[in-house]
Amino acid sequence: MSGPERPVTIPARVLGERAMRRLAENATPGSLQETARLLRAGELSPRQVLDDCHRRATRANAALNCYVTIGAEQALEQALEQSLSRFRTSAPDERPLLWGIPTSVKDLTPTAGMRTTFASRAFAEHVPPHDAPVVGRMKAAGAAVFAKTSTSEFGILPVTEPELNGVCRNPWDHTLSAGGSSGGAAASVAAGVTAVAHGSDGAGSLRIPASCCGVFAVMPGPGRLPVTPRPALGAGAQDGVVSRTVADAIYWLTALGALDLDEVALAVSEDPWPADDHRIVLTNVPPVDCEVDPVCTAAAVAAANLLAGAGCRVEEAAPDWSADAVLDDLMLVRSTVPVAYGDPRPEMLDATTRAGLELAGRTSALDLHRAIARLGAYTQRASRVLAEGDVLLTPTVARPSVPHGWVTAPAHPADVFRRAAHFAPFAAFANLAGLCAVSLPLGAPGAPGASGVPGALGAAASVPVGVQLMARPRDLAGLLGLALRLERLAPWADRVPPVWVG
């Protein structure tokens, strides 16, 4: 299931297939599918769609600081021309699925001719000469890249507040984090700038901000999309998508060749996860020893009850997945991430990144190798936790969100990393175990908590709360089918935050 073996350009004629017709039944006004349909029909022009998107992005950015770069007029014209020129004379049903659709790209992902800072002062004016492979897929699918969304420095932290680009604010509550590291992508979609946005996920970086901002997110699993090679990071983070609806995420993944039509057919079928062959395992016990907010556990239990009521086989269990013994190892290895970006001078790094790199520099090669070996052993154990045909259901995060600066407040990098792990203890397991995963915003803002202290554990949530589903990569279609079912049972797309430009 490697990315390059999958088709790069999917023509619109596949929309006539039964699976895609059924997917279109889930389209809503303003959705990606609806905009693509209007473009194909000639009821909207690509220029009009791009101009409207640019206006929304500018308004949202003034309130949220969710974009690092928004293309200037000349750059937008060039991006649109590149997107349309290959298919301008083609019949509408021969054009690719994202023809004329404006899209943003996370600022960790290189885009040819458009500034890519990696959220680091060391790359403040960096303009890559080439696109990352996944950006090539997006352009081949007809999309026009118009902006870069904010992230944490090198994507290391689960919050988006780099020193170079500043704090990305949550559209539901400006005092709380939008999550990270794909915080700009999630905030922009939640605010209604675009129906979908590209992001990447190395340890929950799509799912965490999706939970904080009340949108859907998919990490499709290894091999679905091509990765950007960075030797020091191994396989690197997985590219994926945040969206307002499940159907739009499926459409986007199909357009990029990450799902085939048989998988779409399974996802939109009446019973994508037959109870006779599959089970859903609920756990609110995280792999890291920390408290989980009652608001978060309640959202996971509610999702389990909805699925059980829909005929799914749901069981509660505590997996053998404790990661406390390897937390420091994971922190040490992630502290070396700047090396993969050319090993910039320490004084050009954020204080937290610099402290982590200095700690790694004081570690012997032997101890670093021991840490890598222990992580490898945990990864092997983690890959066996989920049986064939099982789905693991958890809260996405342990706290609905955290105040700006809370994660990075400690001086020692180990304490910073522990705070990050206590904020989102469930997410990195999917990456370590090689799973696919989604986050669904099933917990509505204002859900009652046990505490009356704003921002404290047990307080009523002022932001949405996500629920996470994880499965083996080959089960992505079934997982998306479960997500569609939950969306129908507990729809969220009509909930909009105070900052809304759609």
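A salt bridge is a side-chain nitrogen of Lys or Arg within 4 Å of a carboxyl oxygen of Asp or Glu. The model is predicted: local features need pLDDT of at least 70, side-chain atom pairs count only at pLDDT 80 or more, and totals for chains, interfaces and linings use all residues. Residues are numbered from 1 along each chain as its sequence is written, and side-chain values use heavy atoms, with hydrogens and water left out.

**Exercise 1.** Determine how Arg47 and Asp51 are paired.

Step 1. The closest N and O atoms of Arg47 and Asp51 are 2.7 Å apart, and the two form a salt bridge.
Step 2. Both belong to helix α3 (residues 46-64), four residues apart, about one turn of the helix; helices are DSSP runs of H or I with at least four residues, strands runs of E with at least two, numbered from the N terminus.

**Exercise 2.** State which parts of the chain the salt bridge between Asp390 and Arg279 ties together.

Step 1. The closest N and O atoms of this pair are 2.9 Å apart.
Step 2. Asp390 lies in strand β9 (residues 390-395) and Arg279 in strand β7 (residues 279-282), so the bridge ties together parts 111 residues apart in sequence.
Step 3. Arg279, Arg313, Glu315 and Asp390 are linked in a network of salt bridges.
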